[in-house]
Amino acid sequence: MREPIKQENLRGISLASFRTGVRNVLNFRASFMAGSRFSSVSLVPEVVSQMLELGTTKHSKEEIVNILESNAISLDMSADETRLNIKASLPSEKAQLFVTLLSEILRTPKFAENELTFLSKRLEAGLLEVKQDTRTQAWKHLLRSIYPGEHPFYQETEEKDIMSLKSLKRENLMEFHAKHYGLGNVNIALAGDVDHEMWSGLINKFFGDWQLLSNMPVSAKTKSDLKTRKNIFISGKASADLFMGQILDLDVLSRDYFAIRPATYVLGGDFVSRLMQEVREKRGLTYGTNASHFGIKDGDTGLFYLWGTFAPHLLERGIAEMRKVFEIWTKKGITNKELSRAKQAMSGNWKVSLADSRGVADVLIAVLEIGRDLSFIDEYPKIIESLTLKEVNQAIKKYIDPKKFVTVAAGSIEK
Amino acid sequence: MIPLCIARNMAKTKKITKHKAFTFIQELGGISEYLHKKNGLRVLLWEDHSAPVVALNVTYLVGSRNEAVGHTGATHLLEHLMFKGSKKFNKKTGKLIDQIVFGMGAKANATTWFDRTNYWELLPSERLPELIELEADRMRGAILDEKDRASEMTVVRNEFERGENEPMEALDKEIWATAFREHPYHHPTIGWRSDIENMSIERLRQFYNTFYWPNNAYLVLTGDLPSGCLNLVEKYFGRIKPSSERIPKMYTTEPAQEGPRRITLRRAGQMPIVGIAHKIPKVLHQDQYVLDVLAGVLGKGRSSRLYRALVDPALAIDVSVNNSSFRDGGLLITYARLVSSESPEKIEKIVLREYHKIIKEGITEEELAREKYNARIQRAFTLDGPLGLSSVLNETIAGGDWRLIERFVRGINKVTLSQVRKVAEKYLSSETSTTGFFIPYKSEPRI
């Protein structure tokens, strides 16, 4: 028996669902344009997202959480640079209860003063805590070095974020909510034991009359040809985190995007990648190192980066080995044999990522967000398979320049 | 539109109850258990053809509970070396384990814990024969080479160092080491640093030759299994002989704790952490269902008692209560990460106050109903894809009986209000507690 993915455009909502083999439960994903790029104070969208469940005009925080947890509904909401992202898992029989409550939470939050005070205190503590986290510090400093202050990927210091948090008013949250919460660019994906028609009816009933907005992300472009090296000293850390990165200006719908993927995979995508083989397997310098990219799906200037962890006394050797591997990769590209392996691995990986309803829901929402037709789920392995070595190596040359790398390490390391 | 890669085919193959190489033991919840007649390998099969994907898992009944001073971390270091090569899969034959596994796009890894070591892969189902052959080959044919040990030691040491970076992980190690003095749950699975650095390859070979045998292992296959799956298992695993020596029993027991224990860990950091642990019985003990309910009511979710007492009023960033029970016992541990202005002593008092409320008054019917319903839904989610079920089976095998996966919901459903109060009274006594504070000394990052 085969069942198709079902897709439907409701008023301001793209809805997709797939009935997987699991019974009685399902995964829910939704997103819309209410991320930090839409606010002059970058913390506001995240604070709004965390205040949603802390009381509505109908129900108190305690009542909401009781409804969710006594019905085994797991709900998580958070804001990134562009979107509010909603993830839930629930029993199929609780669909109506869930949609009713979600509608209430999203549409009529209370933003109570006392809850904002408590939340701000917890968030402040969280910000202080990440000051000791080597990975977070290296990552934030990399983004702070590469992107200008007005770019959505720029990262404020914890001190500035704490100051913003302290000056935040209930009115700021309400204003953001009124302006950015609504229909228009809402994507919803469902996978598991799903009755599409019933869900469609519920969504229509509880969200159909929500305000229609036209928030579209304005792609944030930037240029950076920095080549810097920074060490951040954090006391008492047995391992240091290292990031090396540069901007990546690439259209996610272009063929070049697909070409850079196997190239990156060969460099640092799995255990057999060049970085893992040279830096971990042969030299034993690290537990983990990889290469990846970030932030290109909405047309922004994204980031290409390498990452690794090292004992402080092995850091310099680690950086030298990573650079060596990276420079050979940019200079000579990858081989035909490596491309064949990457193609097979990526196709297999795609299949494996669809093994459960959580994986299917993640893929569905990702495809909806980049605006592709859902047939892309079938086409992706074919596109990867069709790539030529020339295309892949040209993409490396076109987009990656080892002379423009910013290197940041954080740990118990001196300058 | 029909996406072929996630097409469903619900047809199931016929269950095998007779096989020339295997004895059919039992079926429970769709999971069939077989025992290899000659070498004692146990096989668990569960079919689900809704995605063309299979999870393969080999669990060896050896973990850090089988280690002692001088070779702590041996199980884990050996697990790393198991990827370096085996008789058929090595540099000389040109068939490298990682290249084969990751080349087909499998998700794969291995993990080690107190009671077990497991090797798992989630792979496109048509590639299953290759990985069954590979797992069979490294069961007795692993190449354990000194050169590989030397380079992998520093890899594992970096894994250890990364753990040491995390205050919560460092405190957790201290609490287990204090709560368990004689039983090997005393030391962390990754081992002590000096043991990781100095353990010899001979010791690791000895460890491998003692524990890596079919009669000390389970093979778990879940998902889109091919017909004739057992024949495939027989083809590759069937030729392996059982161990000639009996697998040694771990006989050290932890004596009863005779008073509360306390530790303090001081390191650079920002936020204090409080950990309060109490001894609990082994995972197969009947009280475990009740302890699961108790842990849920105390610390699972935002409606839990400790979340409301600590996180809602912003005394803590988060709180968790874990029923961490293993083959030989374990700890019920509450961890709270505090906001910096709060004192650990105050938080400890609040946690103990909530414990005493349950000891005195029990929990409510509403709380019990919530835990029961959540257990049922949690079980339903384990059947979502082959990897979830395989992972849970790995842990129940380690605990001593894979059927725990089926008994879990029934056991939780039988829990009564009075049992929760009695069990809280029995196990949350201060006499068996170990309390740990992480006290940070302030140190600002500098560029």
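This is a predicted model: local features need pLDDT of at least 70, side-chain atom pairs count only at pLDDT 80 or more; totals for chains, interfaces and linings use all residues.
Residues are numbered from 1 along each chain as its sequence is written, chains are lettered from A and ligands numbered from 1 in the order written, and side-chain values use heavy atoms, with hydrogens and water left out.

Trainee: What separation do the centres of domain 1 and domain 2 of chain B have?

Mentor: Let's start with the bounds, which come from an automatic or database domain assignment. Domain 1 of chain B spans 4-237 and domain 2 spans 261-441. Taken over C-alpha atoms, their centres are separated by 28 Å.

Trainee: How much area do the two domains of chain B bury between them?

Mentor: Buried area is the accessible area (1.4 Å probe) that two parts lose on being put together, summed over both. Of the area here, 71% is on carbon and sulfur atoms. The total for domain 1 and domain 2 of chain B is about 3,700 Å².

Trainee: Which residue forms a salt bridge with Arg116(B)?

Mentor: Good one! A salt bridge needs a side-chain nitrogen of Lys or Arg within 4 Å of a carboxyl oxygen of Asp or Glu. The rule finds three across the interface of domain 1 and domain 2 of chain B. For Arg116(B), the closest N and O atoms are 2.5 Å apart, and the partner is Glu395(B).
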